[in-house]
Amino acid sequence: MRVDVLTVFPEMLEMVFGYGVVGRARERGLIALKAWDLRDFAEGSYRQVDDTPYGGGGGMVMKPEPITRAIEAVSAECSPRRIFLSPQGRPFDQKKAEELAAGGSPLLLICGRYEGVDERVREGFVDEEISVGDYVLTGGELPALIVIDAVSRLLPGVLGNEDSAANDSFTTGLLDCPHYTRPPEFRGMRVPEALMSGNHDEIRRWRRRAALDRTRERRGDLLDRAELSEEDRRLMGRSPES
């Protein structure tokens, strides 16, 4: 899968591209990542990418010319899905990550800065907008890294164990269950006996019950939307019809 990023800070992204799961996937050729410097598409000796807003007000607005030239340069190579990262976009979640990963299409992530971009870029050169949360950051670089990380780990072959992604929080509509490793006792806290029993069905039920309980305690809104089986309701101590 190919992912290109338009940014005024390409070095910031390239530093992160080489680490962890994303770095290993890149080395193995499972994902191709490239950060494009928007200043390379700006004119003048100062390579200016922003200007004062019409109508006045604080802050600067990213000019349309450098961004559109950069979008056209990337599009000439691969016909990507053009995504602008913005707090005004649709919320990014696990389902969206799964959609982007399953599509297999090249992605072009456009990072805003300052007060935002000229609205004509949004109107004529962007396919969709994505937000990573209801808060404002100084730029789109961190959201771009979040999208890349979430999508890349869903690509076939990226994770050592494919079950890791299948059991993640939100993938099944619930939060993930607690996890433990050696030693069996740590500072008076023991690993649940069910996980050390060797009984696969008992382990499965314990994990499902723990996921249901954790979701109920921390994200009741997810539980309200989840499709619960009769076994799920029994594990939670609820009647099948409740």
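A nonpolar core is a set of buried Ala, Val, Leu, Ile, Met, Phe, Trp, Tyr and Cys residues joined through side-chain atoms within 4.5 Å. The views below come from a predicted model.

**Figure 1. The largest nonpolar core of the protein chain.** This core has 27 residues, and Val5, Phe17, Leu100, Leu109 and Ile148 touch the most other members. Strands E1 (2-7), E2 (32-37), E5 (81-91) and E6 (107-111) are among the elements that give two or more residues to the core. Helices H1 (10-17), H2 (20-27), H4 (94-103) and H6 (141-152) also give two or more residues each. The largest share, 6 residues, comes from H6. A second, separate core of 19 residues includes Val8, Phe84, Leu108 and Val117.

**Figure 2. Helix H6 and isoleucine 148.** Of the 12 residues of H6, 9 are buried, so the helix is largely enclosed by the rest of the structure. The buried residues are Glu141, Pro143, Ala144, Leu145, Val147, Ile148, Ala150, Val151 and Ser152. At 1.5 Å a residue, the 12 residues of H6 should span 16 Å, and the end C-alpha atoms are 16 Å apart, which agrees. Isoleucine 148 is in contact with Val3, Val5, Phe17, Val22, Leu33 and Leu109, leaving aside neighbours within four places in sequence.

**Figure 3. Aspartate 4 in strand E1.** Aspartate 4 is buried, because its relative accessible area of 1% falls under the 20% cut-off. Not counting residues up to four places away in sequence, aspartate 4 touches Lys34, Trp36, Val74, Cys78, Leu107, Leu108 and Leu109.

**Figure 4. Valine 49 in the loop between E2 and strand E3 (50-51).** Valine 49 touches Val8, Leu38, Arg39, Ala42, Val61, Met62, Lys63, Pro66 and Tyr114, with residues up to four places away in sequence not counted. Threonine 181 is 132 residues from valine 49 along the chain, and the C-alpha atoms of the two are separated by 50 Å.

**Figure 5. Helix H8, residues 200-218.** The 19 residues of H8 should span 27 Å at 1.5 Å a residue; the end C-alpha atoms are 27 Å apart, which agrees. Asparagine 199 caps the N-terminal end of H8, where a side-chain oxygen lies 3.1 Å from the backbone nitrogen of aspartate 201. The buried residues of H8 are Ile203, Trp206, Ala210, Ala211, Leu212 and Thr215. Helix H9 (220-225) and helix H10 (230-235) are included in what covers these buried residues. An α-helix has 3.6 residues a turn, so residues three or four places apart point the same way.

Figure 6. Of the 242 residues, 40% count as buried. The chain exposes about 14100 Å², and carbon and sulfur atoms supply 49% of this area. Among contacts with a separation of 6 or more, 72% are accounted for by residues 24 or more positions apart.

Notes
Residues numbered from 1 in each chain as written. Predicted model: local features only at pLDDT ≥ 70, side-chain atom pairs only at ≥ 80, totals over all residues. Heavy atoms only, no water. Helix = DSSP H or I, 4+ residues; strand = E, 2+ residues; numbered from the N terminus. Expected span 1.5 Å × (residues − 1). Buried < 20%, exposed > 50% of the residue type's maximum accessible area, 1.4 Å probe, protein only. Contact = heavy atoms within 4.5 Å. Polar contact = N/O pair within 3.5 Å; in protein donor to acceptor, adjacent residues only side chain to side chain. Areas by Shrake-Rupley, 256 points an atom, 1.4 Å probe, with all protein chains shown as cover.
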